[in-house]
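I am opening a notebook on this structure. The entries go from the overall fold to single side chains.

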Amino acid sequence: MKTNTKLLSLVIFLISCQTMDITEISYQCDEMDWFEIGRADAAQGQKNDHYQSKSEQCSDFKTAHRAQYLNGWNTGLDSFCTPQQGFVFGRQGRGYNEICPSNSEQLFLKGYDKGLQVFNYEKNNKKITNEIQETSKLVEEVPPRSQPELLKKINQLETQLELNRALIAEIQSEVAPEALKSETSRQ
């Protein structure tokens with residue numbers, strides 16, 4: 001009997017906690033700034049249906065919230081769909097969700113493609129650096145007659161590393177904010 005009473009008390013306690021959480025979430029969702037959430041999602045490259053995951057937590061999500069979200073999301077596109085943001089987004093190696101309007105997508109993608117190039121060069125440079133370190137350790141472990149071949153390999157890797165760094169610098173100079181601004185004004 002005591003076990004049943006304790007079990008019943010525990011169940012009632014858990015149900016009351018769950019109810020409290022639902023009420024709390026509902027209250028928070030009604031007070032959320034859906035315009036700002038939409039603006040932030042667009043500025044981070046999210047599709048305009050990203051609100052659904054947030055709205056599913058709300059028991060009182062309203063059509064007005066969706067409209068506010070979409071207004072904010074459209075505003076966020078203005079700051080996201082630029083060549084500069086495209087470069088940043090690509091350099092982070094992030095996938096593009098094809099959210100920019102056609103009038104700004106071409107310039108965004110130009111920056112994005114350059115950013116992806118830098119991302120790939122930097123990724124390759126990490127691989128090359130690791131290979132240089134591993135090969136340098138081998139040089140210390142092999143007999144002297146085997147070292148020249150390993151040293152040649154290290155030299156080739158270092159040359160590739162420097163070439164990649166030069167290509168990164170060239171791309172970065174092409175996408176400097178001033179260069180992107182003048183390109184944008186020419187379009």
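Which pattern does the protein follow, read along the sequence? I read α-α-α-α-α-α-α-α. The model I am working from is predicted. My tally of its secondary structure is 8 helices and 0 strands.

Entry on α4. This helix covers residues 63–80, which makes 18 residues. I get 25 Å from its first C-alpha to its last, close to the 26 Å expected at 1.5 Å a residue. I also listed its buried residues: His 65, Tyr 69, Leu 70, Gly 72, Trp 73, Gly 76, Leu 77 and Phe 80.

Entry on a helix pair. I checked how α6, residues 102–141, packs with α7. The angle is about 160 degrees, and the axes are 9 Å apart. Angles over 145 degrees count as roughly antiparallel, so α6 and α7 are roughly antiparallel to each other. I noted their crossing as left-handed.

Entry on Asn 164. I found this residue in α7, the helix of residues 147–174. Is Asn 164 buried or exposed? Its relative accessible area is 2%, so I put it down as buried, the cut-off being under 20%. Its side chain makes a polar contact of 2.8 Å with the side chain of Gln 160. I then left aside neighbours within four places in sequence. Asn 164 is in contact with Tyr 121, Asn 124, Asn 125 and Ile 128.

How values were computed:
Residues numbered from 1 in each chain as written. Predicted model: local features only at pLDDT ≥ 70, side-chain atom pairs only at ≥ 80, totals over all residues. Heavy atoms only, no water. Helix = DSSP H or I, 4+ residues; strand = E, 2+ residues; numbered from the N terminus. Expected span 1.5 Å × (residues − 1). Buried < 20%, exposed > 50% of the residue type's maximum accessible area, 1.4 Å probe, protein only. Polar contact = N/O pair within 3.5 Å; in protein donor to acceptor, adjacent residues only side chain to side chain. Contact = heavy atoms within 4.5 Å. Axes fitted to C-alpha atoms, helices over the stretch in contact; angles between N-to-C directions. Parallel < 35°, antiparallel > 145°, perpendicular 65-115°, else oblique. Left-handed = near helix turned anticlockwise from the far one by under 90°.
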